[in-house]
Amino acid sequence: MSELPKLSVIGTGYLGATHAVSMVELGYEVIGLDVDQAKIDLLRAGKVPFFEPELPELLEKHVNGGRLRFTTDYAEVAEFADVHFVCVGTPQRPGELAADLTYVEAAFRSLAPHLDRRALVVGKSTVPAGTAVRMEALLQDLAPNKEVELAWNPEFLREGFAVQDTLRPDRLVLGVHSDWAEKTIRSAFEPVIKAGTPVVVTDFATAELVKVAANSFLATKISFINAMAEICETTGADVTQLAEAIGHDARIGRKFLNAGLGFGGGCLPKDIRAFIARAGELGVDQAVSFLHEVDSINQRRRARTVDLGLDLLDGSYRGAKVAALGAAFKPNSDDIRDSPALDVAAAIGRREGQVMIYDPQAIETARAKQPELNYATSLEDALDGADIVFLLTEWDEFKFMHPGVVGKLVAQRKIVDGRNVLDPVQWRQAGWQYRALGRP
Ligand SMILES: NC(=O)C1=CN([C@@H]2O[C@H](COP(=O)(O)OP(=O)(O)OC[C@H]3O[C@@H](n4cnc5c(N)ncnc54)[C@H](O)[C@@H]3O)[C@@H](O)[C@H]2O)C=CC1
Ligand SMILES: O=C(O)[C@H]1O[C@H](OP(=O)(O)OP(=O)(O)OC[C@H]2O[C@@H](n3ccc(=O)[nH]c3=O)[C@H](O)[C@@H]2O)[C@H](O)[C@@H](O)[C@@H]1O
């Protein structure tokens with residue numbers, strides 16, 4: 001293909017909207033499709049439906065530039081694009097561990113009948129191993145042009161860094177079944193490949209597994225350090241120093257060894273559970289049985305955080321004014337999917353604490369999910385008259401709080417640092433009772 005292929009992005013959520021806009025920035029013509037009309041209306045108006053640094057500026061730059069448009073019409077997408085990236089959600093099925101693949105299947109079923117010329121469909125959603133071959137069979141059944149092919153290209157971007165991770169990924173994984181598919185998908189990443197990004201070309205099953213293996217490894221690393229935090233709590237050791245010390249070993253590395261409230265979000269928790277479920281279906285449960293423990297360690301940290309507050313309040317939250325700083329699952333995001341912060345705030349609310357939540361970006365998403373909780377309009381508002389403060393998401397605004405200034409706002413100087421980001425010495429010197437996870 002001498003000129004750049006035209007691209008479509010199907011599903012314009014966190015992944016899809018970022019992918020669509022970033023591919024335009026890389027020089028492609030892109031059409032984005034979603035079944036959510038309200039989302040498409042916002043994107044057409046140049047508004048990103050969620051918080052993600054750098055994305056609003058890029059969307060605004062490109063939405064009027066003639067190379068980016070949005071639609072809800074599959075026929076329009078099929079007519080326009082040579083390469084179709086499928087980026088729809090694969091959430092956990094309610095009440096089960098397995099991933100819900102209905103959105104992926106629906107997207108393929110909606111697109112395929114319109115594909116009447118040669119095209120490459122590229123799965124980007126995170127899926128259990130074996131999904132791609134099923135989708136390939138579906139395309140062969142439903143696409144009028146039998147030269148429509150499939151590739152699988154898992155995505156590794158992090159929310160909060162989504163644009164940079166898309167423009168400059170640390171690797172590309174291309175699951176393909178033919179030379180044509182490889183050549184075509186390479187042309188859809190030409191500037192990224194020319195910039196020197198490592199490319200791993202492989203089969204479908206490996207491509208699918210690379211993604212869940214990577215997220216499982218990251219989740220395991222976090223739960224490993226949180227397990228060490230549990231040991232530190234009984235031995236009087238300090239997990240932050242332990243992490244620093246083991247992290248100096250280049251084979252271990254310091255990244256993803258921040259002990260605290262643990263992992264949440266729309267991916268790590270559901271991906272390890274879906275992996276457990278799929279391994280069960282394949283009869284290899286034992287291979288990933290450790291992931292049950294990774295999940296349990298992670299959940300225990302949330303309960304432990306609630307208990308640390310109880311210690312400071314002599315055993316009861318009833319009637320206590322509680323400032324909960326953070327609702328997002330991590331800073332620089334408004335995503336509250338499986339957020340440890342919101343979970344802890346809700347648990348304290350159930351114990352009759354008067355919780356006041358503040359988050360720089362996630363108040364609206366949190367309110368939509370948990371309308372029964374109280375939300376402050378500013379950090380000061382949340383802290384005002386508090387009997388106890390919980391730092392639950394490590395936004396800069398919270399990390400750099402001054403203990404003396406905060407001390408004048410609260411009723412009692414009691415703080416639980418759920419992310420190990422405050423200096424215990426400084427806070428204790430300012431008269432605070434300070435508790436943290438895995439630190440004396
Ligand atoms: N959010 C992230 O940082 C990353 C997500 N992923 C994976 O990407 C996938 C998407 O995740 P998110 O973007 O976070 O989910 P999301 O829920 O934000 O977005 C999914 C979008 O797909 C749309 N959709 C659902 N059914 C559709 C259909 N039949 N046709 C067209 N659009 C449809 C929804 O309306 C929604 O806008 C998941 O598999 C996830 O595991 C992978 C890497 C990073
Ligand atoms: O599949 C996905 O969607 C993405 O999932 C994660 O990205 P993300 O969920 O955006 O966030 P992370 O930065 O990985 O953080 C996940 C959670 O782990 C927690 N965490 C992270 C690091 C750490 O040391 N300790 C820790 O508790 C964070 O607070 C957060 O709740 C992966 O890092 C991405 O590579 C992947 O593409």
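Start at Phe 256: beyond its neighbours within four places in sequence, Phe 256 is in contact (C-beta atoms, placed from the backbone, within 7 Å) with Leu 218, Lys 221 and Ile 222. Phe 256 sits in the loop between helix 11 (239-247) and helix 12 (268-281); helices here are DSSP runs of H or I with at least four residues, strands are runs of E with at least two, and both are numbered from the N terminus. This is a predicted model, where local features need pLDDT of at least 70 and side-chain atom pairs count only at pLDDT 80 or more, while totals for chains, interfaces and linings use all residues. Residues are numbered from 1 along each chain as its sequence is written, and chains are lettered from A and ligands numbered from 1 in the order in which they are written.

Is Phe 256 partly exposed, or is it buried? Phe 256 counts as partly exposed because 16 other C-beta atoms lie within 10 Å. The cut-offs, again with C-beta atoms placed from the backbone, are 20 or more others within 10 Å for buried, 12 or fewer for exposed, and partly exposed in between. Leu 257, in the loop between helix 11 and helix 12, has 20 C-beta neighbours inside 10 Å and so counts as buried. Leaving out residues up to four places away in sequence, Leu 257 touches Lys 221, Ile 225, Ala 243 and Gly 247.

Both Phe 256 and Leu 257 belong to a UniProt "binding site" annotation from an unreviewed entry, which also includes Glu 159, Asn 258 and Lys 330. UniProt positions follow the numbering used here, feature names are shortened, and annotations may be inferred rather than shown by experiment. The annotated residues spread over 175 residues of sequence and, in space, up to 24.6 Å between C-alpha atoms.

Now look at ligand 2. There are 21 residues around it, and Glu 159, Asn 258, Phe 263, Gly 265 and Cys 267 come nearest; to be near, a residue needs its C-beta atom, placed from the backbone, within 6 Å. Helix 10 (residues 204-235) gives the most to this shell, with 3 residues. The shell also draws at least three residues from each of domain 1 (7-202) and domain 2 (212-294). These bounds come from an automatic or database domain assignment, which also gives domain 3 (299-436). The C-alpha centres of domain 1 and domain 2 lie 29 Å apart, and their contact takes 10 residues from each of the two.

Around ligand 1 there are 27 residues, with Gly 11, Gly 13, Leu 15, Ser 125 and Thr 126 coming nearest. Helix 1 (14-25) and helix 5 (102-111) are the elements that give two or more residues to that shell, and helix 5 supplies the largest share, 4 residues.

What about the core? The largest nonpolar core has 127 residues, and Val 322 and Phe 390 have the most contacts inside it. Such a core is a set of buried Ala, Val, Leu, Ile, Met, Phe, Trp, Tyr and Cys residues joined through C-beta atoms within 7 Å. Helix 10 turns up again, giving the most to this core with 10 residues.
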